[in-house]
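Here's a quick walk through a two-chain model, written for someone who would rather look than calculate. Keep the viewer open and follow along.

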Amino acid sequence: MTDMTLPFAPVEETGHGSYLDEGHTLVSWLATTDHKRIGILYALSITVFFFIAGIAIGLVRLELIEPNGMFLTNDAYDRLFTLHGILMVWFFLVPSIPATMGNFLLPLMIGARDVAFPRLNLISWYLFVFAGGFVAYMLISGGADTGWTFYPPFSTDYANGHVIAAAAGVFVAGFSSIATGVNFITTTHMLRAPGMTWFRLPLFVWAIYAVSLVMVLATPVLAMSLLLIIAERAFGLPVFDAARGGDPVLFQHLFWFYSHPAVYIMILPAMGVVSEVFACFARRQVFGYSFMVYALLAIAVIGFMVWGHHMFVAGQSQLATLVFSFLTFIVAVPSAIKVFNWTATLYQGQISFEAPMLYSLGFLGLFTIGGLTGLYLASGPIDIQVHDTYFVIAHFHYIMVGASVSAFMAGIHYWWPKVTGRMYHEFWAQFAAITMFLGFNMTFMPQFLMGWEGMMRRYHHYPPVFQIWHVFSSAGAAILAVAYLMPLVYLSWSLKAGARAGNNPWQATGLEWQTTSPPPKRNFTRQPPVSSAPYMYHETGQPRSSDDRRPIRPHGEAQ
Amino acid sequence: MNDLSRALQEPWPDLATQRTGVGVGIWVFLASEILFFSALFVIYAVYRNFNAQAFAAAAKHTELLYGTLNTGLLLTSSMTMTVALRAASAQLRRLTLACLVLTILLGLSFLLCKGLEYHDDLQKDLFPGAAFPLSSPPTQLFWMLYWIMTGIHAVHLCAGIAVVTAVAVLFWRQIVPVQGSTMEGVATYWHFVDSVWLVLYPLLYLVGRS
């Protein structure tokens, strides 16, 4: 099967015969098993959830301008930030890069026709939409007020919102992400093109592979703990009921056994995206490719062993606190390796500042800040001081929004020409990238400061001394909102009016750039043999003058 | 020989690769399932460690007869499933279908037994709540685990019966020719559901009876 011919005609350059032309009806999209179309279905759905969650937190930020609130009741305030948390974590960030770009690009990057189980792939999207239905029900009927963490006994006994609907939605969404993970792992193992050895895989594929492992092994534990919350709330079973010998802290252990790795579900794919972008826009081979791979896997594995750092004040033993603290410092090592390697990739590169590169550079800075403040929080004494303050909020938003969403935007822009066949408007994209970076820092930098001084998270009313920081933060949020809305406009515009992209507008090396833009239904006209390592741009560390302008070598010979 | 090409699904190049691929997929999924049940096993371990006596007292009230009978039924169903897989690999259509039907029947009789047992348990008010007959509060923790563990296992078994039925219909109607590739995932899943029961049986029926 090394050179098998796929049974369809070669496509023309004009874009006829692309996956977008395989039917224009709604049914042709809703019943598709094409990984590229499913990726787009995911992209559209998570965009909806992103903006609902964004509106929720926009109202919260508006409310927080005044120390005693302006227009929300305490209950409505709780429900809004809960909605924001649940939607952003499980309905935007977790599926963001894997289910959209992972779906679209993983088979393209390894030279496959599709993912291993195309129908399962479609089912996973329907599960996701079904889960969204639960959350829509929760939203319409009044929301839940537990925060995204569902801690008992509040969630089981005292909360008066629709906790069961929320938990059921997250439960079902979990199975969607397990299905996606199973699909990606099997695809990477079984469907690589001839010559595509493990250490020739692009780092994005490695990142998706690592994140799939985490999804498959962590999500079921969350599913079970939410099921138990539902069982306790609906049937009165004493799962975490202290009055009958149960242990509410046990829930926290189970919850964070998933939810800490979930942070890596959000950041690992982002690391994959920026690795591609840095190499392409610095015209340099990724520095320390194999270390990048091992670092991804190390983060995925060690990420499973650090959940206790969320529970330093939950009555955990001091020994456990010490061990979890130590392991959390350990997980910083592979993360640091990656940051240094990206920096070394950029070193003496021929850097150009197209929008994907701007977003990725933003990622690098924000991830570093988020990561380093994570080390503050990993050490017991400081964590006990700033536990449940805005310092924690700022820290994880630097990782989950600053880093992950930047990388998500980088990926959207980088692969936009491949997905749609059109170029986006470069100036507006650069403008949006810079606005987003500034707006983000203006929103969350003040939160570090007020958190350090004792502003607690989830509080509706606060002492007036913090008002100045809250006003800064809310103003930043408004800028951030503009930065998020801009791409919606110019990207939609580019669908009709953007310039034709051509197959490889960035002169990038990956296999996905060697098929047409947009790709044909089955990705390649023939199975592409792969004969070299990825990123055959110019060598790292070479000064610009010594470049002999020889053409870069593509990753494979796809057509 | 049948024409096996109808058993080949996108995007696999050939049946052998497809079978390996399905194997990889199902085992990765089972890894996920193991973690799903592990959360319950961890809770069991923690609570039993804190309340050993209450667990021993509570476990004496489970129906050993039903539990043991059900263990026998499921083990037998695993055997018929193994025969079905081997028969399908050798493309023996009638034997495959017979074994699949037997497997389904054994699974259904497990559910029937389980239903009778649930009925008896409820007669004795063994559902945690106000009317719970045992005095020590942590005994309710054991029974909470009993209901959740066996309930989730039963849901898994129902899913198993559904997919085995689906495969049997595909083979019966000759929509898919009888061969091993289609069976690989179903059989592995079925054995997994049985294996979970092999852990539940001692945890729920044997603990505290020594």
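## A loop residue to start with

Let's begin with A:Gln316, which sits in the loop between helix H9 (289–302) and helix H10 (318–346) of chain A. Helices here are DSSP runs of H or I with at least four residues, strands are runs of E with at least two, and both are numbered from the N terminus. A:Gln316 counts as partly exposed because it has 18 C-beta neighbours inside 10 Å. For that label, buried takes 20 or more other C-beta atoms within 10 Å of a residue's own, exposed takes 12 or fewer, and partly exposed is in between, with C-beta atoms placed from the backbone.

Setting aside neighbours within four places in sequence, A:Gln316 is in contact with A:Gly308, A:Met311 and A:Thr321 (contact: C-beta atoms, placed from the backbone, within 7 Å). The C-alpha atom of A:Ser494, 178 residues away along the chain, is 54 Å from that of A:Gln316.

## What kind of model this is

This is a predicted model, where local features need pLDDT of at least 70, side-chain atom pairs count only at pLDDT 80 or more, and totals for chains, interfaces and linings use all residues. Residues are numbered from 1 along each chain as its sequence is written, while chains are lettered from A and ligands numbered from 1 in the order in which they are written.

The model scores ipTM 0.94 and pTM 0.94. Chain B averages a pLDDT of 94, with 99% of the residues scoring at least 70; pLDDT is the predictor's confidence in each residue, from 0 to 100.

## Chain A overall

Chain A has 15 helices and zero strands. Its radius of gyration is 23 Å, close to the 24 Å that the globule rule gives for 559 residues, so chain A is as compact as a globular protein of that length. That radius is taken over C-alpha atoms, and the globule rule is 2.2 Å times the number of residues to the power 0.38. Along its principal axes, the C-alpha trace of chain A spans about 70 × 50 × 45 Å.

Buried residues make up 58% of the 559 in chain A. Of the chain A contacts with a separation of 6 or more, 85% are between residues 24 or more positions apart. Helix H6(A) is mostly covered, with 25 of its 28 residues buried.

Most residues other than glycine have a negative phi, and most peptide bonds are trans. With that in mind, have a look at the cis peptide bond joining A:Pro152 and A:Pro153, where omega is about 0°. A:Pro153 is in the loop between helix H4 (118–140) and helix H5 (154–158) of chain A. Another cis bond joins A:Ser517 and A:Pro518, with omega about -10°, and A:Pro518 lies in the segment after H15 of chain A.

As for phi, A:Arg458 has a positive value of about 65° although it is not a glycine; this residue is in the loop between H14 and H15 of chain A. Over in chain B, B:Gln91 has a positive phi near 60° and sits in the loop between H3 and H4.

## Chain B and its helix H4

Chain B has six helices and zero strands, and 40% of its 210 residues count as buried. Its C-alpha trace spans about 65 × 30 × 30 Å along the principal axes.

Which residues of H4(B) are buried? They are B:Thr96, B:Cys99, B:Leu100, B:Thr103, B:Leu106, B:Gly107 and B:Phe110. An α-helix has 3.6 residues a turn, so residues three or four places apart point the same way. The buried residues of H4(B) pack against helix H3 (64–89) and helix H5 (139–172) of chain B. Just after H4(B), B:Asp125 takes a positive phi of about 60°.

## Where the chains meet

At the interface, 34 residues of chain A are in contact with 31 residues of chain B. On the chain A side, the elements giving two or more residues are helix H6 (163–190), helix H7 (203–235) and helix H8 (248–282). H7(A) supplies the largest share, eight residues. The chain A side divides into 24 nonpolar, six polar and four charged residues. Here Ala, Val, Leu, Ile, Met, Phe, Trp, Tyr, Cys and Pro count as nonpolar, Asp, Glu, Lys and Arg as charged, and the others, Gly among them, as polar.

Terms used:
Contact = placed C-beta atoms within 7 Å.
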